[in-house]
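Me: Could you walk me through reading some backbone and burial features, with this model as the example?
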Amino acid sequence: MPPLTFNRPQGVSSGLTWIDLLSERATQQPSRIAFQIWNDGTVSSAPLTYGELDCRSRAIAARMQRLNLKGERVLLLCPPGLDYIVAFCACLYAGAIAVPIYPPRPNQSLERFQGISDDAQSALILLASAQQFKPETLAGLPTFSLDAVKSEEAADWQPPGISPEEIAFLQYTSGSTSAPKGVQISHGNLIHNVAAISHKFGLSNQSEGVCWLPPYHDMGLIGGILTSLYQGATTTLMSPVDFLQRPVRWLQAISHTQATISGGPNFAYERCVEKIKPEQCAGLDLSRWSVAFTGAEPIRMATLERFANRFAEYGFRSEAFYPCYGMAESTLMITGGDHTRAPKQLTVDEENLAAHRIQSADQGRVLVGCGQVIESGELEIINPQTCRRCQPNEVGEIWVTSPSIAQGYWQQPQLTQDTFQAYLADTGTGPFLRTGDLGCVQEGELYVTGRLKEVMIINGRNHYASDVEATVAASHPAFGSMWGAAFTVDQNDQIQLVIVQEVGRVWLRKLEPEPVLRAIRQTVSRVHGLRVETIVLVKPGSLPKTSSGKIQRSRCCSQFLAEQLRPIPVPARQL
Amino acid sequence: MTSSFNQPPVVERPTADTIETWLCEQLANSLNVAMETIDPDIPFDSYGLDSAEAIGLSGDLEDWLQQKVSPTLLYDYPTVAALAEYLAARSLPQE
């Protein structure tokens with residue numbers, strides 16, 4: 001096969017849309033399988049080829065064109081799977097703006113769902129079938145179901161005449177402490193980022209993917225699904241709940257399809273180590289897995305090591321781990337390393353890190369390298385107060401610019417200006433995206449150290465919440481890979497450190513609080529020189545998290561102050 | 001309180017009662033309360049069981065019953081009693 005037009009990232013900013021891309025793939029390789037479903041230990045018999053995806057998308061788009069939906073927002077309510085992808089591509093073919101959203105369930109809180117639906121001012125809802133659950137609050141919106149559209153209608157489709165600058169979809173960010181923010185991703189952003197990801201991952205159209213990540217989050221949609229389409233590769237999908245129910249299914253799918261690329265956040269690898277029993281692993285072959293990407297939450301070297309040790313006997317290679325860094329505001333990927341090398345790590349001195357300085361050390365905090373900025377991008381480490389470049393050994397806010405940087409937040413001009421249009425104070429260089437993440441660049445490698453807003457200032461020193469949490473997690477086996485939150489409260493004119501920590505289920509019953517609490521206090525004091533004022537031990541699953549599995553520290557803090565946390569009952573004198 | 005972690009996989013043909021007892025035990029365990037405080041007719045979510053725990057419990061059910069269980073079963077049958085009754089009825093024709 002001749003090299004594909006789209007294969008070179010440097011060629012992609014020249015006026016192409018997602019419609020051009022998908023049409024070209026369908027013409028070149030109509031019978032190639034784009035996606036198939038992994039279910040019940042086998043690949044289902046009804047895959048979706050590139051030709052079918054193109055044809056079904058055009059048929060649905062043709063209907064949408066009759067409703068004049070160009071530029072209008074369309075909610076994608078299909079469950080994860082083939083229909084979701086068809087619905088997404090159909091919106092783009094119609095020149096409409098897709099709004100990926102998790103499909104709500106009966107008996108579930110609809111607060112966040114409704115917030116997104118209101119913010120986007122949607123004109124249409126796409127469902128997989130008329131039987132699918134649709135919240136009553138959306139009763140006023142026009143709806144149609146994918147299964148009611150016939151393929152012949154594809155002939156009615158007209159190219160919508162859109163340019164790469166136009167918005168392809170709104171990616172709502174999972175930071176749910178505030179009102180929902182819809183990141184506006186243009187066709188040009190999308191093409192640039194999937195091209196950059198493909199290049200970084202070293203993908204070709206021979207790549208085989210496996211993806212269980214939800215398609216309504218950026219990592220699943222961009223990293224799992226659209227990058228695969230860009231390459232003309234085949235990806236096997238499984239539902240996120242199938243993974244959560246039984247993590248071994250993920251590895252079985254990788255083994256069965258001999259997948260070369262698959263990934264997820266740190267917790268996914270942790271779950272595998274924790275939940276998968278040796279007898280479930282018989283026959284696993286992970287030897288072709290060459291890009292095991294990890295991102296979207298702090299990457300712990302200890303997790304990567306545990307996973308690599310555990311699954312080495314099934315062919316997993318630790319060089320396959322691919323730590324990367326990104327966010328919806330940059331479509332997805334900002335940095336990634338050399339896919340042929342094992343992840344880089346850097347051990348730094350905790351004391352210096354608290355003072356925003358990087359000093360390598362024999363013992364201390366282990367940082368995992370996230371590689372270099374994507375093609376055509378620039379990355380700077382900036383002092384967030386002065387808006388000037390940091391010294392090489394200083395930690396600062398990560399600022400970035402590239403053709404992947406999104407077009408701002410939907411209908412939020414002030415927030416857009418604050419976040420997307422930052423300029424260096426001294427040279428006026430810009431505009432940059434302010435990521436809100438802290439990090440440093442050492443020998444050309446980005447190391448992410450924490451979130452800007454989650455720096456706790458105690459007695460004039462800066463401490464990363466995620467850093468203290470990692471210390472607590474390591475202080476006692478009862479906390480293994482459980483979640484914890486560290487935050488400060490202002491009481492009696494004093495900033496006090498509070499730790500809320502989940503206790504592993506098997507420990508609940510036999511927990512002796514006194515040694516556990518002592519372990520936390522001693523370790524935090526030893527490592528960070530901090531006094532823990534209050535410790536609350538809670539059951540697994542009690543800490544508030546975003547829908548993508550990030551700890552919501554500020555929500556946890558307000559629950560603590562409102563006395564809404566439910567501590568594991570222990571005798572009062574021991575607390 | 002008895003521990004259910006080391007229970008052997010069961011059961012030739014679990015009755016609704018057997019399943020109900022097992023579910024109450026699992027719930028009591030998750031929530032760290034006495035088994036007597038679990039009311040089979042009160043919805044799972046009013047005990048504060050979150051969605052990942054519910055999905056995880058469906059996986060444990062699969063292990064115990066040694067048959068396939070939908071990950072979202074706890075949403076479709078949102079109380080111990082309803083779920084036990086459904087599973088007992090379902091397991092009959094398959095044996």
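**Loops, a helix and a cis bond**

Reply: Happy to! A:H356 sits in the loop between α11 (350-354) and β17 (365-368) of chain A; helices (H or I, at least four residues) and strands (E, at least two) are DSSP runs, numbered from the N terminus. This is a predicted model, where local features need pLDDT of at least 70, side-chain atom pairs count only at pLDDT 80 or more, and totals for chains, interfaces and linings use all residues. Residues are numbered from 1 along each chain as its sequence is written, while chains are lettered from A and ligands numbered from 1 in the order in which they are written.

Me: Is A:H356 buried, exposed or partly exposed?

Reply: The general idea is to count other C-beta atoms, placed from the backbone, within 10 Å of a residue's own: 20 or more is buried, 12 or fewer exposed, and in between partly exposed. A:H356 has 18, so it is partly exposed. Its phi is positive, near 65°, in a residue other than glycine.

Me: What is the phi of A:Q411, and where does A:Q411 lie?

Reply: Phi of A:Q411 is near 55°, and A:Q411 lies in the loop between β20 (396-401) and α12 of chain A.

Me: Why is helix α8 of chain A described as largely enclosed?

Reply: Seven of the 10 residues of α8(A) (residues 248-257) are buried, so the rest of the structure largely encloses this helix. Among the buried ones are A:W250, A:L251 and A:I254. After α8(A) comes A:Q258, with a positive phi near 50°.

Me: Which residues does the cis peptide bond join?

Reply: A:G430 and A:P431, with omega about -5°. A:P431 is in the loop between α12 (413-420) and β21 (433-442) of chain A.
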